[in-house]
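I opened this model to look up a few things. These are my notes.

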Amino acid sequence: ATLADRFQPVFMGSAFKNRGVQLLLDGVLSYLPSPTEVKNEALDLTAGESKLVLPCSPSGPFVGLAFKLEEGKYGQLTYVRIYSGTLRKGDTVTNQSSGKKVRVPRLVRMHAAEMEDITSASAGDIVAVFGMDCASGDTLSDGVRLAMTSIKVPEPVMSLALTPTSAEQFPTFMKALQRFQKEDPTFKVTSNSSTGEIIVSGMGELHLEVYIERIRREYKVNCEVGKPKVNYREALTAKAEFSYLHKRQSGGSGQYGKVVGWIEPLPEDAPGTFEFENKLVGSAIPPEFHSSIEKGFAEAANSGALIGAPVYGVKVVLTDGAAHAVDSSEMAFRIAAVQAFRQAYAAASPLVLEPVMTVEVTVPTEYQGATLGDLNRRKGVILDSGAQGDDTVVQAHVPLNNMFGYSTALRSATQGKGEFSMEYSHHAPVPREQQAALVGELGGGGGGRK
């Protein structure tokens with residue numbers, strides 16, 4: 001009945017007071033399926049992550065998932081759930097996310113905080129490994145190209161600027177961020193070269209708040225938090241041609257490189273965000289410079305000219321160019337590509353895209369009108385509204401920039417009875433007046449904040 005989702009055991013208790021914990025564990029044994037009764041599906045990495053049923057058999061190929069990391073006194077402790085095959089102490093396994101081979105130096109079975117050394121474990125077991133370099137969510141295997149979770153990580157939608165309150169705590173602060181990145185692939189850390197800020201990015205307001213609190217509690221580091229910054233993107237909407245000659249003479253050998261071609265938007269269903277096509281005929285540009293030209297265009301696409309945000313969905317086609325027997329170099333052609341992109345980009349009707357979230361709000365029916373009104377004020381598009389018992393469930397698409405502080409607003413408008421969930425949906429063009437304001441605030445020829 002539990003496997004068929006016809007029966008859902010519910011237990012009351014308090015872990016803090018240790019009430020009902022024993023009954024809960026007895027219930028796990030009585031009502032939840034054993035590993036052999038569950039159908040596990042792996043993703044076949046050789047076939048575009050298509051699903052594949054993985055039998056829970058000790059004799060099958062080894063496949064395990066590193067699902068939790070813990071910093072212990074002996075180093076990183078990695079919890080692994082074994083889905084297929086057998087893992088032995090001293091084995092070498094492949095990390096499917098990085099492609100690297102890692103050794104299993106010590107294998108333990110955990111009993112709360114106590115460890116029991118074991119020599120092997122098989123399908124269905126949960127064990128811990130010491131001294132293994134991997135991240136949370138990595139699949140370990142004996143060579144088969146299977147993954148238990150998608151290795152495609154969603155793009156972060158929100159960023160915060162973090163600074164430790166005292167300079168002495170900076171090394172500890174960075175150590176915490178490195179650990180959290182390993183634990184959570186959706187948590188990203190970058191540094192803003194133009195402002196020197198450390199930028200943390202994640203899947204939402206609460207996601208980042210949890211990590212800031214963990215830095216304070218676990219590492220005793222207090223942080224100053226900058227206003228959340230939304231991860232904008234830029235895109236072009238028209239085709240534009242470029243013909244740019246980079247020529248500089250400064251005593252001795254100079255710099256010379258000319259590139260000709262066009263840029264255009266990629267189709268919406270294109271798999272990547274940047275595409276380079278080489279349509280050169282003949283030897284106008286020697287082959288050794290082709291990779292430098294591609295790198296130059298990719299570098300330019302990392303920072304659009306409107307607000308300095310990455311340019312998504314752009315295709316660059318190189319059709320012609322010119323080189324100099326003495327003055328041409330990889331650097332000259334890379335600079336020519338960067339400047340050619342900026343020259344064409346201005347003529348390609350660029351626009352700014354903002355992340356739009358799918359928001360699901362559940363409120364008592366008497367607050368339905370106020371809730372819909374508030375979502376409309378936040379420029380939300382109502383997708384659906386329906387009754388669920390005494391509650392109303394509203395689904396809407398709302399720009400993330402308009403969702404800051406929504407949890408507080410919803411609680412105060414519904415006497416604390418309303419709740420909502422939010423996940424990334426897509427990026428959409430910002431209104432024209434908002435784009436003009438953003439360009440004025442963040443723009444400056446690609447030097448803006450990402």
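**A helix pair**

I am working with a predicted model, where local features need pLDDT of at least 70, side-chain atom pairs count only at 80 or more, and totals for chains, interfaces and linings use all residues. Residues are numbered from 1 along each chain as its sequence is written, and side-chain values use heavy atoms, with hydrogens and water left out.

Helix α2 spans residues 170-183 and helix α3 residues 205-219. Their axes are 11 Å apart, at an angle of about 125°. I listed the contacts (heavy atoms within 4.5 Å). On the α2 side they include F173, L177 and F180; on the α3 side, Y211 and I215 are among them.

**A loop residue**

Next I checked K100, in the loop between β6 (92-95) and β7 (101-103). Is K100 buried or exposed? K100 is exposed, with a relative accessible area of 57% (exposed is over 50%, buried under 20%, with a 1.4 Å probe and protein chains only). Beyond its neighbours within four places in sequence, K100 touches V93, T94 and N95. Its C-alpha atom is 9.9 Å from that of L140, 40 residues apart along the chain.

**Helix α8**

Last, I turned to α8 (residues 432-442), where Q434, Q435, L438 and L442 are buried. They cover an arc of only 100° around the axis, so they sit on the same side of α8. Strand β24 (350-364) is included in what covers them. The face turned away carries exposed R432, E433, A436 and G440.

Terms used:
Axes are lines fitted to C-alpha atoms, for helices over the stretch in contact, and angles run from 0 to 180 degrees between N-to-C directions. Helices (H or I, at least four residues) and strands (E, at least two) are DSSP runs, numbered from the N terminus. The arc is that of the directions from the helix axis to the C-beta atoms.
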